[in-house]
Amino acid sequence: MAEDRPPFWYDARLAGEIERRWQERWEREGTFRVQDPGATARPKFYLLDFFPYPSGIGLHVGHPLGYIGTDVFGRYQRMTGRHVLHPFGFDTFGLPAEQYAIDTGQHPAVTVRRNADVMRRQLRRLGLAHDHSREIMTSDPSYYRWTQWIFLRIFNSWYDPVAERARPVADLIAEYASGLRATPDGRPWRDLTAAERADAVDAHRLAYLSEQVVNWCPGLGTVLADEEVTGEGRSAVGNYPVYRRPLRQWMLRITAYAERLLAGLDEVDWPEHVKRLQRNWIGPSGGPYHLKDWLFSRQRYWGEPFPVVYDEADPGRPIALPEDMLPVTLPEVTDFRPVPQDDASDPVPALARAPGWAQVTLDLGDGPRRYRRELNVMPQWAGSCWYYLRYTDPGNDTALVGSDVERYWMSPSGVDLYVGGVEHAVLHLLYARFWHKVLYDYGVAGTPEPFGRLFNQGYILADAFTDARGLYVPAADVTRTGDGWQYGGQPVTRRAGKMGKSLKNGVSPDDIIDAYGADTLRMYEMAMGPLDGDRPWRPADITGMHRFLQRLWRLIVDESTGETLVVSGAATDDATARLLHRTIAVVSEDFAALRFHTAIARIIELTAHASRLPHMPRALAEPLVLMVAPLAPHLAEELWQRLGHSDSLAYEPFPQPDPALVADTTVILPVQVNGKVRFTIEVPTTATRDDIAGLLASHPAYPSDDVARLVIVPGKIASIVLR
């Protein structure tokens, strides 16, 4: 019974108190707020998770797998002397929020803010060491101002195949005007009309308008990229029918970068299967275009407005707005429904129905004139193409990113470790690489690739259940009946699959934290298996990890009084010292290699050994707590404080192994007799041939009277040849 437990028993109640206290202290003291470049001599490390979309139903326990993994790694990096940047934000534009607005009437801005609040609260409970001062949301005008700025840079660029980089269209015009470049029909540039000159330039722009056969989805009221359409010809979001039809759309000339996109894959430390997926998508070197130019228009409301307008005298010719007119913000609307719903009519963009927004009077250098705004918006991918740069300098209101700051965090090869699911192997990663290379051509980015090292975490798998119609039912409401399963009194079929909303088999991390504490959940998810492998969710195994943390707590804290049990000045015996330092060596290697499950196994082994000692020496307790700190930071902070330390251990040096104690003191030698191993002997690692010969002579299996020759290779083998 809970009421019979001692007052300092480590259970969900005490864990919750400890976790809340330390989360509040970290926030209050700005423990993980990153210093500006130059404020520290520590070498930098830029650690980043894939950009998340905040879901309305919050997280399930599969979502934090990668987040916990990067947090463990980031905490270890801080303890090994690195200046770690580990920011977090939200990708808040796109179809889900707008679809919810269509269904409920709630404005997408309200939806994404509420969703982000839920996700932020859940992530805080996990104790993630993010620098919250750098949080960004792609739907914030202060952010998408710079998304629009990048679009203008792309629009005002052409790709020079000789220089193999983007250049301003002003350079292209100068080449035409000087005769260095021939015009499309060979006439001198001065003889071309204004419209002909504009056509010649527009044909080379990296962002251009073109009538394309596109994927028109009436149900969503927008055009979709090929990657957003399933193999069955339906939308990936909503599962609506998709039709092929010609429409005038914005395109980005990603094909101009095909060769560089292929070549760049040889320069990054990415999983080979991800490189293969990108190479297959782009096509073979020397003649790609599987790759097609990027369809960049969406006929929706909830996206970045294009910073272009059209003159009534030439309504088909886009005019770029000057940078000082950014951001172009979205108008307020109340009706988000797509029009029309049939497949035969042309789409009507949602922005066309915003009162007074489509027409605008501007002075673009020729005095005030009437213009029509672009009524399409950018796709959800736009904001996630460059967010990693903004994290490095989020408060800069005069530039996308300061050059010195960008060079500090992004050198030498981009983000040092980028972690996320393999489902983004093509779309997000390819689009981000394209934008980054454009920015690199202009010196905004200092590295040719955005992400130096990529790591794909696995998935958490869980039982899912379907009814007689083949539809998934809530797994939490399914009950076991004899040899089968039932939902609502009807039999259902058990299936296995990735935990998630579509299979209705999600488990909230809040439920696990309420029952055991966040540190138990963190330890369990990291102990389930290799971080890059899939693993089944087994709730019964969580209690084992909770018991481990209870054992660690009991070794240091008296459960009845709360007093510290550690004995200062007490020496550790030789066996304990050697086990400790070997554990430190292995755990350090495992943390550095993202092998958290094997590190946990070694820490558990050391803790079990400590529990058999007559007392807990400080020389063992402190390094043990420091090794646990990246995995179970709240508990470790509490124990560190109870051991007499007033400061957070977040920046304490990670324990270092003593090489003399890590090395083996003895070695097992196989002993051959006439070429076959007959027995073994244990000898000191420093034993000479004479030492080994003496030990052999005293062994009961040694045939001393029949030995013709004895060959000894110290540390390797002993071989006896009989007469």
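Tutor: The chain in this predicted model has 22 helices and 24 strands. Its C-alpha trace spans about 110 × 65 × 55 Å along the principal axes. Of the 723 residues, 53% count as buried.

Student: Why is Leu326 called buried?

Tutor: Buried means under 20% relative accessible area. Leu326 has a relative accessible area of 11%, so Leu326 is buried. The residue lies in the loop between β10 (314-320) and β11 (359-363).

Student: Which residues is Leu326 in contact with, leaving aside its neighbours within four places in sequence?

Tutor: Leu326 is in contact with Arg145, Gln148, Trp149, Leu152 and Pro307. The C-alpha atoms of Leu326 and Pro307 are separated by 7.4 Å, although these residues are 19 residues apart along the chain.

Student: Why does Met325 count as partly exposed?

Tutor: The class of partly exposed residues lies between the 20% limit for buried and the 50% limit for exposed. Met325 has 27% relative accessibility and therefore counts as partly exposed. Met325 also has its place in the loop between β10 and β11. Not counting residues up to four places away in sequence, Met325 touches Leu362, Asp363 and Leu364.

Student: What kind of peptide bond joins Leu326 and Pro327?

Tutor: The bond is a cis peptide bond, with omega about 0°. Pro327 lies in the loop between β10 and β11. A cis peptide bond also joins Ser411 and Pro412, where omega is about 5°. Pro412 is found in the loop between α12 (403-410) and β13 (417-420).

Student: Where are Glu164 and Lys504 placed?

Tutor: Glu164 is in the loop between β3 (157-160) and β4 (165-168). Lys504 is in the loop between β19 (490-498) and α14 (509-516).

Student: Why is Glu164 called exposed, and why is Lys504 called partly exposed?

Tutor: Exposed means over 50% relative accessible area. Glu164 has 52%, so Glu164 is exposed. Lys504 has 44% relative accessibility and therefore counts as partly exposed.

Student: What makes α2 and α15 roughly perpendicular?

Tutor: Their axes come within 10 Å and cross at roughly 95°. The range for roughly perpendicular is 65 to 115 degrees, and the two helices are therefore placed in that class. Pro64, Leu65, Ile68, Gly69, Asp71, Val72 and Arg75 of α2 make the contact with Arg522, Glu525 and Met526 of α15. These residues divide into 5 nonpolar, 1 polar and 4 charged.

Student: How do α2 and α17 cross?

Tutor: The axes of α2 and α17 come within 10 Å and cross at roughly 120°, and these helices are therefore oblique to each other. The contact is made by Val72, Phe73 and Tyr76 of α2 and Ser588, Phe591 and Ala592 of α17. Its residues divide into 5 nonpolar, 1 polar and no charged.

Student: How do you know that the length of helix α18 agrees with its number of residues?

Tutor: The expected span is 1.5 Å times one less than the number of residues. The 16 residues of α18 (residues 596-611) should therefore span 22 Å, and the end C-alpha atoms are 22 Å apart, which agrees.

Student: Which helices do the buried residues of α18 pack against?

Tutor: They pack against α2 (64-79), α15 (518-527), α16 (542-556), α17 (574-592) and α19 (618-628). Among these buried residues are Phe596, Ile600, Leu606 and His609.

Note on methods
Residues are numbered from 1 along each chain as its sequence is written. This is a predicted model: local features need pLDDT of at least 70, side-chain atom pairs count only at pLDDT 80 or more; totals for chains, interfaces and linings use all residues. Side-chain values use heavy atoms; hydrogens and water are left out. Helices (H or I, at least four residues) and strands (E, at least two) are DSSP runs, numbered from the N terminus. Buried means under 20% relative accessible area, exposed over 50%, partly exposed in between (1.4 Å probe, protein chains only). Contact means heavy atoms within 4.5 Å. Axes are lines fitted to C-alpha atoms, for helices over the stretch in contact, and angles run from 0 to 180 degrees between N-to-C directions. Angles under 35 degrees count as roughly parallel, over 145 as roughly antiparallel, 65 to 115 as roughly perpendicular and the rest as oblique. Ala, Val, Leu, Ile, Met, Phe, Trp, Tyr, Cys and Pro count as nonpolar, Asp, Glu, Lys and Arg as charged, and the others, Gly among them, as polar.
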